[in-house]
Amino acid sequence: MKSPLAACVLALLALPLPGNGGPLPEISLREVAPGVYVHQGVHQLPDRHNCGEIANIGFIVGERCVAVVDTGGNPEQGEALKQAVAAATPVPVCYVINTHVHPDHIYGNLAFKKPGVNFVGHYKLEQAMALRAPYYRDLAERELGFKPGPEHFIPPDRPVRDTLELELGGRTLLLTAHPTAHTDSDLSVYDQKTRTLWLADLLFMGHTPVVDGSLNGWLKVIDKLKGIDARLAIPGHGPVSAAWPLALISEERYLRMLQTEIRAALKANKTMEWAMANVGQSARPEWQLFDEFHQRNIATAFAELEWEDE
């Protein structure tokens, strides 16, 4: 009997792929800028119905090689993405860029592991993978129907501590390792040729932002990101291309609201339980999955802000 995960994607893998540049069935890749292909995930929690395929993933094509940016929420989605690259261009994949540690972005990695392919990520990504792997394995077995092995957590061959340029042939990508923000392993990708800024989960649109690192750190990163001369931004969740820096407005407003209201609650000696019930409720209509993530964000931010210096 097929696993739920395999059954979920079997039809996708069996479908014929169209010619160069055309949209792919199911994976729905779109060329949002010349040579920049993105698949938009769904605003859902990962489960056996969506197989964890909830994040934006894709690839950037140069004259010499291709850089894949995140690989998907399960091994089969990674295989489908690999086939999509082959359908779009004869140029080989030479880089797989993991933007951070979350499973919906890295579980397709194994499809691309072969000689000549370099995995690139934040210098803290290897440690983050090692620390979280036991929990992620149990979570995937319970929610997705498969249990990742050690082979599914591929650390970067080329860790990025500050910035790194990747030359794809006629196009250069600037990778930046950020201080702790959404997570402690956030990496952004800037395509200089099209002025496209691939932010992954440093940018949420529509989907409630998820604070899994530092609220204060994320707001500081946002301030720096605003200075980048980009034309388009690609979020980790939400519309696959957006005007820059307007794309940041809603996320920044939400995060600053958390910061302001939690600081006020702490000053008034309110408890975390009070904050989780009262902080930020005015933002509910703006965001999907609000009930699933908002209280978690409050708990994470409250624990951070209560230790701020006076």
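This is a predicted model: local features need pLDDT of at least 70, side-chain atom pairs count only at pLDDT 80 or more; totals for chains, interfaces and linings use all residues.
I started with Thr300, which is found in helix H8, residues 290–305.

Next I looked up what Thr300 touches. Leaving out residues up to four places away in sequence, I found Val211 and Gly213. I also checked Thr300 against Trp274: they sit 26 residues apart along the chain, and I get 14 Å between their C-alpha atoms.

Then I moved on to a helix pair. Helix H5 covers residues 215–225 and helix H6 covers residues 249–267; I have them packing at about 140°, with 10 Å between their axes. Angles over 145 degrees would count as roughly antiparallel and 65 to 115 as roughly perpendicular, so I logged H5 and H6 as oblique to each other. The crossing of H5 past H6 is left-handed.

Which residues make the contact? On the H5 side I listed Leu215, Asn216, Trp218, Leu219, Ile222 and Asp223. On the H6 side I have Glu251, Glu252, Leu255, Arg256, Leu258, Gln259 and Arg263. Sorted by class, this H5 contact with H6 comes to six nonpolar, two polar and five charged residues.

For residues 54–237 I noted 26% helix and 29% strand.

How values were computed
Residues are numbered from 1 along each chain as its sequence is written. Side-chain values use heavy atoms; hydrogens and water are left out. Axes are lines fitted to C-alpha atoms, for helices over the stretch in contact, and angles run from 0 to 180 degrees between N-to-C directions. Helices (H or I, at least four residues) and strands (E, at least two) are DSSP runs, numbered from the N terminus. Angles under 35 degrees count as roughly parallel, over 145 as roughly antiparallel, 65 to 115 as roughly perpendicular and the rest as oblique. A crossing is left-handed if the near helix is turned anticlockwise from the far one by less than a right angle, and right-handed if clockwise. Contact means heavy atoms within 4.5 Å. Ala, Val, Leu, Ile, Met, Phe, Trp, Tyr, Cys and Pro count as nonpolar, Asp, Glu, Lys and Arg as charged, and the others, Gly among them, as polar.
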